[in-house]
Amino acid sequence: MSTADRSYIRTKSMVRLVDAARHRELVCRYPVDPAAGPALFHRLLGGSIELGERAADAAIREVAEELRFTVTELEFLGVAENIFTFEGENGHEIVFVYRAPVPSDVVPDEGAWFEEDDGAPMYVLWRDLAATTPPLYPDGVPDTAPTLEG
């Protein structure tokens with residue numbers, strides 16, 4: 001590993017926040033500022049799981065911190081492993097992915113500025129569920145709940 005690599009794997013919890021019609025979901029845009037040009041990628045909302053915190057509880061906490069919205073219905077979709085390079089730093093995440101309904105009025109149709117828990121600004125917008133560009137991260141995000149076979 002280079003000095004720009006993280007020395008640990010991060011465990012995260014993220015949520016597919018889907019509108020009532022199940023046509024759109026809320027995502028964070030990168031680069032954050034729309035004035036910077038086209039989005040390079042979108043990311044689901046959520047963040048790191050704290051020591052002693054369950055993944056579902058982290059998902060609810062992160063959405064409340066980021067959007068000031070309390071998730072009441074949370075459905076587990078699966079786990080995604082994300083190995084990536086961002087801003088010259090290698091990263092590795094294990095992400096518990098959930099889905100939850102969100103009212104359309106939580107974020108305006110044109111998107112809105114919010115603040116991450118570390119104070120960094122983030123631009124949140126609606127993304128069509130059928131969209132393939134820009135890419136959505138974490139990579140391999142499940143869109144349906146797992147089923148038990150046999």
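Mentor: A salt bridge is counted where a side-chain nitrogen of Lys or Arg lies within 4 Å of a carboxyl oxygen of Asp or Glu. The model is predicted, so local features require pLDDT of at least 70 and side-chain atom pairs pLDDT 80 or more, whereas totals for chains, interfaces and linings use all residues. Residues are numbered from 1 along each chain as its sequence is written, and side-chain values use heavy atoms, with hydrogens and water left out.

The search of the whole structure returns 9 salt bridges. Strands (E, at least two residues) and helices (H or I, at least four) are DSSP runs, numbered from the N terminus. Asp-109, with 59% relative accessibility, counts as exposed.

A further salt bridge joins Arg-61 to Glu-53, where the closest N and O atoms are 2.7 Å apart. Arg-61 is buried, at a relative accessible area of 17%. Through shared partners, salt bridges link Glu-50, Glu-53, Arg-61, Glu-62 and Glu-65 into one network.

Pro-108 is partly exposed, with 34% relative accessibility. Its C-alpha atom is separated by 19 Å from that of Pro-38, which is 70 residues away along the chain.

The nonpolar interior comes next. In soluble globular proteins, nonpolar side chains tend to be buried together. A nonpolar core is a set of buried Ala, Val, Leu, Ile, Met, Phe, Trp, Tyr and Cys residues joined through side-chain atoms within 4.5 Å. The largest such core here has 37 residues, and Leu-17, Leu-26, Leu-67, Val-107 and Val-124 touch the most other members. At least two residues of this core come from each of β1 (10–18), β2 (24–30), β3 (41–48), α1 (55–67), β4 (75–86), β5 (89–101), β6 (112–115) and β7 (121–128). Beyond its neighbours within four places in sequence, Val-107 is in contact (heavy atoms within 4.5 Å) with Leu-26, Leu-67, Ala-112, Phe-114, Val-124 and Trp-126.

Helix α1 includes Ala-55, a buried residue at 13% relative accessibility. Setting aside residues up to four places away in sequence, Ala-55 touches Ser-13, Ile-49, Phe-96 and Tyr-98. Asn-90, by contrast, is 35 residues from Ala-55 along the chain, and their C-alpha atoms are separated by 23 Å.

Charged residues return in the lining of the largest pocket, which divides into 11 charged, 8 nonpolar and 5 polar residues. Here Asp, Glu, Lys and Arg count as charged, Ala, Val, Leu, Ile, Met, Phe, Trp, Tyr, Cys and Pro as nonpolar, and the others, Gly among them, as polar. β3 gives the most to this lining, with 5 residues, and β1, β3, α1 and β4 each supply at least two.

Most residues other than glycine have a negative phi, and most peptide bonds are trans. The peptide bond from Tyr-30 to Pro-31 is cis, with omega near -5 degrees, and Pro-31 sits in the loop between β2 and β3. Likewise, the bond from Thr-133 to Pro-134 is cis, with omega near -10 degrees; Pro-134 lies in the loop between β7 and β8 (136–137). Arg-22, although not a glycine, has a positive phi of about 55 degrees. Arg-22 is placed in the loop between β1 and β2 and counts as exposed at 52% relative accessibility. Glu-87, which is not a glycine either, has a positive phi of about 50 degrees. Glu-87 is found in the loop between β4 and β5 and is exposed, with a relative accessible area of 72%.

Notes:
Buried < 20%, exposed > 50% of the residue type's maximum accessible area, 1.4 Å probe, protein only.
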